[in-house]
Amino acid sequence: MSYAKAGHGPLDYQPCRYEGSPMTFRGPKAEPEEGYVLCLGGSETFGKFSPDPFPDLLARRLGRPVVNMGAMNAGIDLLLHDPAIRNALARAGAVVLQVPGAANLSNRFFSVHPRRNDRFVKASTMMRTIYREVDFTEFHFTRHMLTALKRRSEDRFMIVVEELRAAWQARMTTLLDRIGVPVHLLWLSRRAPGDDPLDEEGLGYDPLFVDAAMLAGLEPKAASVSVCILPQDARAPAARGMFYGRGEEAAARLMPGPEDHDRVAALLAGAMA
């Protein structure tokens with residue numbers, strides 16, 4: 001597969017909406033018969049900066065319809081509560097679920113936006129009690145807030161992390177129990193599940209705070225678990241076949257490129273065969 005002709009410039013993602021939801025998904029809008037494969041996940045499943053995201057490549061490998069309902073910065077709350085996703089799940093024959101992080105979900109310490117789950121909305125009284133010196137009105141995104149809390153106090157930060165992990169486990173169990181068809185979990189990250197999820201300097205790689213034990217707890221409810229570790233690639237995103245607009249190169253460096261999407265599709269096709 002060659003990407004030599006790929007260059008700079010933003011992609012037209014043909015944004016579309018499905019009935020009952022204000023969420024924007026990657027197009028073209030799909031209207032397949034029942035029994036399709038439904039792909040759920042975040043920005044990687046959406047295929048940010050890549051012309052052919054792995055759901056499209058998976059459809060070619062399987063020879064059956066695959067619907068991409070990956071959403072930018074999606075978390076478990078969106079997957080559980082979005083009406084369009086719920087309707088799509090009711091008609092799917094199988095589901096590919098990219099393992100989400102544990103940072104972008106509402107919990108006892110803070111709430112997130114119901115659709116853009118990476119958006120911080122409000123700190124609870126409990127959070128304000130633990131971090132009395134912090135002005136939470138300064139934060140708009142969960143990652144920014146959590147990074148600041150970690151710098152303030154490692155011990156207090158770990159209390160928040162454990163709450164997020166507990167909420168993640170409960171909500172992922174609810175989601176998997178709700179899906180009545182085979183679910184194929186996809187671990188897509190720059191680290192292995194067994195690596196330490198926390199970084200000494202920052203928060204670590206996505207899926208944030210999720211470790212091997214948490215993933216293993218889901219395996220009995222899944223038809224398969226595919227692990228794809230994204231390699232470190234020093235090439236410029238354009239050389240990797242990615243398309244992006246002015247000022248987006250730094251973000252593109254963090255996302256999987258076309259070769260990565262092809263590897264993911266191959267892994268999933270093998271697991272689903």
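I began with pairing: two strands pair if DSSP finds at least two bridges between them. Strands (E, at least two residues) and helices (H or I, at least four) are DSSP runs, numbered from the N terminus.

**Setting.** I am working on a predicted model, in which local features need pLDDT of at least 70 and side-chain atom pairs count only at pLDDT 80 or more, while totals for chains, interfaces and linings use all residues. Residues are numbered from 1 along each chain as its sequence is written, and side-chain values use heavy atoms, with hydrogens and water left out.

**The sheet.** I looked up Val95 and found that its bridge partner in E6 is Val183. Strand E3 (residues 94-98) and strand E6 (residues 183-189) pair in the parallel sense, over four bridges. I then traced the open sheet, where five strands with parallel pairing follow the order E2-E1-E3-E6-E7. E2 and strand E7 (224-229) stand at the edges with a single partner strand each, so one side of each has no neighbour in the sheet. On average, neighbouring strands of this sheet are turned by 20° against each other, direction ignored; the axes are lines fitted to C-alpha atoms.

**Val67.** I found Val67 in strand E2 (residues 66-68). Is Val67 buried or exposed? Val67 counts as buried because its relative accessibility is 5%, and buried means under 20% relative accessible area, exposed over 50% and partly exposed in between (1.4 Å probe, protein chains only). I listed its contacts (heavy atoms within 4.5 Å). Leaving aside neighbours within four places in sequence, Val67 touches Tyr18, Ala30, Pro32, Tyr36, Val37, Leu38 and Cys39. The C-alpha atoms of Val67 and Val95 are separated by 9.5 Å, and the two residues are 28 residues apart along the chain.

**Helix H6.** In helix H6 (residues 142-152), I noted buried residues including Met145, Leu146 and Leu149. What covers the buried residues of H6 includes strand E4 (110-112), strand E5 (120-123), helix H5 (125-130) and helix H7 (154-178).

**Rings.** I noted six aromatic pairs in the structure. One of them, Phe136 with Phe139, is edge-to-face, at 6.1 Å centre to centre and 65° between the planes. Rings of Phe, Tyr and Trp (its six-membered ring) pair if their centres lie within 6.5 Å; planes under 30 degrees apart count as stacked, over 60 as edge-to-face and the rest as tilted. Phe136 counts as buried at 2% relative accessibility, and Phe139 is buried with a relative accessible area of 7%. Ring pairs link Phe110, Phe120, Phe136 and Phe139 into a cluster.

Technical notes. Axes are lines fitted to C-alpha atoms, for helices over the stretch in contact, and angles run from 0 to 180 degrees between N-to-C directions.
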